[in-house]
Amino acid sequence: MMSNNSDAFTLSQICSIQGIYIPADAQFGLNLNHFKKNLDYFIRFLPTFVDMLRENIDKGRYHNVTLGINHMEDITHSIYAVDAVGAGDHLIGAMVDANPHIIKSALEEYISTLSSLATEIQRLNDQKERGSEFCLVTAITQLQAALESFEKEKALQILKIIPMANMDKNIILQINDIHRGIIDFNYEMSSKVCSELLAVLTQAQTPQRKDKPKILVVDDESHVLNMVSSVLEQRFQVYAMSCPCMALKFLYTQTPDLVILDIDMPRIDGFTLVYRIRELARLEKTPFVFLTSNARQEDVLEALKLGCKDFIIKPVNPVNLVTRIENILNL
């Protein structure tokens, strides 16, 4: 496997960020340092931009909002964040209809898309020292999602940015099998190879932890995700994910001993994620623990109905967290 010691993002890392899709014909002339500056600017600009959106929509200043979205689209275009561009266009269209409920819904969708993108960028920035294996797992996971949605062009695009240099020969052969399946429209075969490859990669990432209990941690807040992971990884084999959708893809091929997840997350909240997990027969008995900043009584009741093993309030006490997890796993 390759390792990455550079301070700058590699192309494969950039293309592994959910929501960023770089066309193949644009990759060869891409200035990575310039691209990283655009990513950094997006992160710095986002909080001010969101405040501007909310204030101007509350006051009905839709022209100002449109100008702001156009400026943000210049930024998101520069980093090939097509999901964010589409959500911005949807908000502009909603303002034309002038229906307050539709505008509010489109606004929250746009902010959620931008926030998820920012979280993904920050997560990668925090974890890039782990090496290209992490990026390869992310890329293969996104590739499998594209195959399941029959998105041939997107699948080929992701496939082209996977780094092949210094890669294990067997993995290269599997990637070639995936490519051949896509060309032949045999998506089922390609998706199956993706699952087999993910199983190999996730086991190869931490061979020294083979006997440690596996814990999946899902939280859209990067600082919480990093803190919980750092506390637990000395004792457990930890898989940290900021996106619930990516967590679901991971669970299609992996069986953790415990799932720790936030309740309030964009697109898929913690309760919905648990319902989706329970649909997988082999995960029906997998214990889970909720993290939350707000101990609302209705949330506690809902969690207990779902069979939640524990309910941990943020900020998390590290010693308390480890003790609770050990008790749940009978260690």
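Keep in mind that the model is predicted.

**Stop 1: an aromatic cluster**

Start with helix α3, residues 32-58, and show the side chains of Phe 45 and Phe 49, which sit four residues apart, about one turn of the helix. Their rings form a tilted aromatic pair, with 5.6 Å from centre to centre and 35° between the planes. Phe 45 is buried, at a relative accessible area of 17%, and Phe 49 is buried too, at 1%.

Tyr 110 is buried, with a relative accessible area of 1%.

Which residues do the ring pairs link into a cluster here? Select Tyr 41 together with Phe 45, Phe 49 and Tyr 110, and you have it on screen. Across the structure, the count of aromatic pairs comes to nine.

**Stop 2: across from Asp 40**

Stay on helix α3 and pick Asp 40. Its relative accessible area is 26%, so Asp 40 counts as partly exposed.

**Stop 3: the largest cavity**

The structure holds five cavities of 30 Å³ or more, and the largest has about 120 Å³ of space. To find the largest cavity, select Ser 116, Ser 242, Cys 243, Pro 244 and Pro 266, which lie nearest its centre among its twelve lining residues. Two elements, α6 (100-127) and α12 (244-253), each give two or more residues to this lining. Which element gives the most? That is α6, with three residues. By type, the lining divides into five nonpolar, four polar and three charged residues.

**Stop 4**

Select residues 169-183, the 15 residues of helix α9. At 1.5 Å a residue the helix should span 21 Å, and its end C-alpha atoms are 21 Å apart, which agrees. Colour Ile 171, Gln 174, Ile 175, Ile 178, Gly 181 and Ile 182, which are buried. Now look down the axis of α9: the buried residues fall within an arc of 120°, so they line one face of the helix.

Step on to Phe 185, in the loop between α9 and α10 (187-205). Phe 185 has a positive phi of about 60° although it is not a glycine. Is its side buried or exposed? Phe 185 is exposed, with a relative accessible area of 54%.

**Stop 5**

Go to Tyr 80, in the loop between α4 (62-78) and α5 (82-97). Tyr 80 is another non-glycine residue with a positive phi of about 60°. Its relative accessible area of 23% makes Tyr 80 partly exposed.

Finish at Pro 315, in the loop between β5 (310-313) and α15 (318-328). Show the backbone here: the peptide bond from Lys 314 to Pro 315 is cis, with omega near -5°.

Key. Residues numbered from 1 in each chain as written. Predicted model: local features only at pLDDT ≥ 70, side-chain atom pairs only at ≥ 80, totals over all residues. Heavy atoms only, no water. 1 Å grid on protein atoms, 1.4 Å probe; cavity = no way out; pocket = protein on both sides within 12 Å on 5 of 7 lines; lining within 4 Å. Points joined across faces, edges and corners; volume = space filled by probe spheres on them. Nonpolar A, V, L, I, M, F, W, Y, C, P; charged D, E, K, R; others polar. Expected span 1.5 Å × (residues − 1). Buried < 20%, exposed > 50% of the residue type's maximum accessible area, 1.4 Å probe, protein only. Arc of directions from axis to C-beta. Phe/Tyr/Trp six-rings, centres within 6.5 Å; stacked < 30°, edge-to-face > 60°.
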